[in-house]
Amino acid sequence: MEIPVTQEDCYSTHYNELFDLYQKSLFCDLWAQAIQWWGDSPWPSDQLELLRARTLSQLGNDRLCHALLWKLWRKQPRLKGLAPLIVSLYYRRRGPLVALRMLPLIEKHAQPDHKDLADIRCEKAEILARFRDFSGAEECLGDLETTGDNWQLLSVVEVKFLQDDYAGALDIINKILKR
């Protein structure tokens with residue numbers, strides 16, 4: 001999930017450097033660089049704090065990651081890239097029914113852009129697939145199988161897997177790996 005940096009962010013060069021490490025899955029290097037710049041204190045912008053939360057999750061500290069995500073949600077619900085993570089957080093922590101009920105509220109408060117809406121649709125598709133509503137899940141996914149990024153394609157894989165379409169899921173995984 002790519003998160004754009006606004007022009008107001010005076011730390012955009014730091015963000016770009018750290019995000020590049022994140023994209024390359026060099027999470028320990030990312031963390032070491034950030035600690036060198038800011039120590040153990042909170043990172044200086046909301047976008048960087050979101051990147052910090054995502055990195056903590058990759059490093060296995062889900063508890064702190066979740067705390068940071070909730071803090072960011074209370075502070076700035078319209079932060080780009082945050083709404084899909086909050087939907088995912090509800091889904092994983094509170095279950096699919098609560099997540100499904102919270103979706104309209106999250107969309108209302110976040111006012112997500114096109115990319116965030118696509119990611120939220122992916123989360124909704126996974127939730128509906130858990131309820132065995134595959135037609136609803138496929139409707140949510142729409143054309144993401146052909147136009148989606150790698151993270152969105154993983155949601156398509158999840159839905160196909162839950163439909164017991166293992167060959168279709170494997171085909172999409174191979175498509176992701178060839179990119």
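Trainee: How are α4 and α5 oriented to each other: parallel, antiparallel, perpendicular or oblique?

Mentor: This is a predicted model, and the reading applies to it as such. Two packed helices are described by the angle between their axes and the distance between the axes. Here the axes of helix α4 (residues 62-75) and helix α5 (residues 82-94) come within 10 Å, with a crossing angle of roughly 130°. The two helices are therefore oblique to each other. Their crossing is left-handed.

Trainee: Which residues of α4 and α5 make the contact?

Mentor: From α4 the contact takes His66, Leu69, Trp70, Leu72 and Trp73, and from α5 it takes Leu82, Ala83, Leu85, Ile86, Leu89, Tyr90 and Arg93. By class, this contact of α4 with α5 comprises 10 nonpolar residues, one polar and one charged.

Trainee: What is the secondary structure of the protein chain as a whole?

Mentor: The protein chain has 11 helices and zero strands. Read from the N terminus, the order of elements is α-α-α-α-α-α-α-α-α-α-α.

Trainee: How does the radius of gyration of the protein chain stand against that of a compact globule?

Mentor: A compact globule with 179 residues would have a radius of gyration near 16 Å, and the 17 Å of the protein chain agrees with this. Along the principal axes, the C-alpha atoms fill a box of roughly 45 × 35 × 30 Å. Of the 179 residues, 45% count as buried. Among contacts in the protein chain with a separation of 6 or more, 52% come from residues 24 or more positions apart.

Trainee: At what angle do the axes of α8 and α10 cross?

Mentor: The axes of helix α8 (residues 134-141) and helix α10 (residues 150-162) cross at roughly 165° and come within 11 Å. That angle makes α8 roughly antiparallel to α10, since it is over 145 degrees. The crossing of α8 and α10 is left-handed. In the contact, Phe134, Ala137 and Leu141 of α8 meet Ser155, Val156, Val159 and Leu162 of α10. The contact of α8 with α10 holds six nonpolar residues, one polar and no charged ones.

Trainee: How are α7 and α10 oriented to each other?

Mentor: The axes of α7 and α10 come within 9 Å and cross at roughly 15°. The helices α7 and α10 are therefore roughly parallel to each other. This crossing, too, is left-handed. On the α7 side the contact involves Lys115, Ala118, Asp119, Cys122, Ala125, Glu126, Ala129 and Arg130; on the α10 side it involves Gln152, Ser155, Glu158, Val159 and Leu162. The contact of α7 with α10 divides into six nonpolar, two polar and five charged residues.

Trainee: Is Thr55 buried or exposed?

Mentor: Burial is read from the relative accessible area, and under 20% counts as buried. Thr55 has a value of 0% and is therefore buried. Thr55 belongs to helix α3 (residues 46-58). Apart from neighbours within four places in sequence, Thr55 is in contact with Tyr22, Phe27, Leu30 and Trp31.

Trainee: What does the relative accessibility say of His109?

Mentor: His109 has 43% relative accessibility and so counts as partly exposed. His109 is placed in helix α6 (residues 96-110). When neighbours within four places in sequence are left aside, the contacts of His109 are Trp73, Pro77 and Arg78. Trp73 is also one of the α4 residues in the contact with α5.

Trainee: Which phi does Ser25 have?

Mentor: Most residues other than glycine have a negative phi. Ser25, although not a glycine, has a positive phi of about 60°. Ser25 is located in the loop between α1 (12-23) and α2 (27-38). At 47% relative accessibility, Ser25 is classed as partly exposed.

Trainee: Where does Gln111 lie, and what is its phi?

Mentor: Gln111 lies in the loop between α6 and α7 (114-130). Gln111 has a positive phi of about 45° and is not a glycine. Its relative accessibility is 48%, so Gln111 counts as partly exposed.

Definitions and conventions. Residues are numbered from 1 along each chain as its sequence is written. This is a predicted model: local features need pLDDT of at least 70, side-chain atom pairs count only at pLDDT 80 or more; totals for chains, interfaces and linings use all residues. Side-chain values use heavy atoms; hydrogens and water are left out. Axes are lines fitted to C-alpha atoms, for helices over the stretch in contact, and angles run from 0 to 180 degrees between N-to-C directions. Helices (H or I, at least four residues) and strands (E, at least two) are DSSP runs, numbered from the N terminus. Angles under 35 degrees count as roughly parallel, over 145 as roughly antiparallel, 65 to 115 as roughly perpendicular and the rest as oblique. A crossing is left-handed if the near helix is turned anticlockwise from the far one by less than a right angle, and right-handed if clockwise. Contact means heavy atoms within 4.5 Å. Ala, Val, Leu, Ile, Met, Phe, Trp, Tyr, Cys and Pro count as nonpolar, Asp, Glu, Lys and Arg as charged, and the others, Gly among them, as polar. The radius of gyration is taken over C-alpha atoms; the globule rule is 2.2 Å times the number of residues to the power 0.38. Buried means under 20% relative accessible area, exposed over 50%, partly exposed in between (1.4 Å probe, protein chains only).
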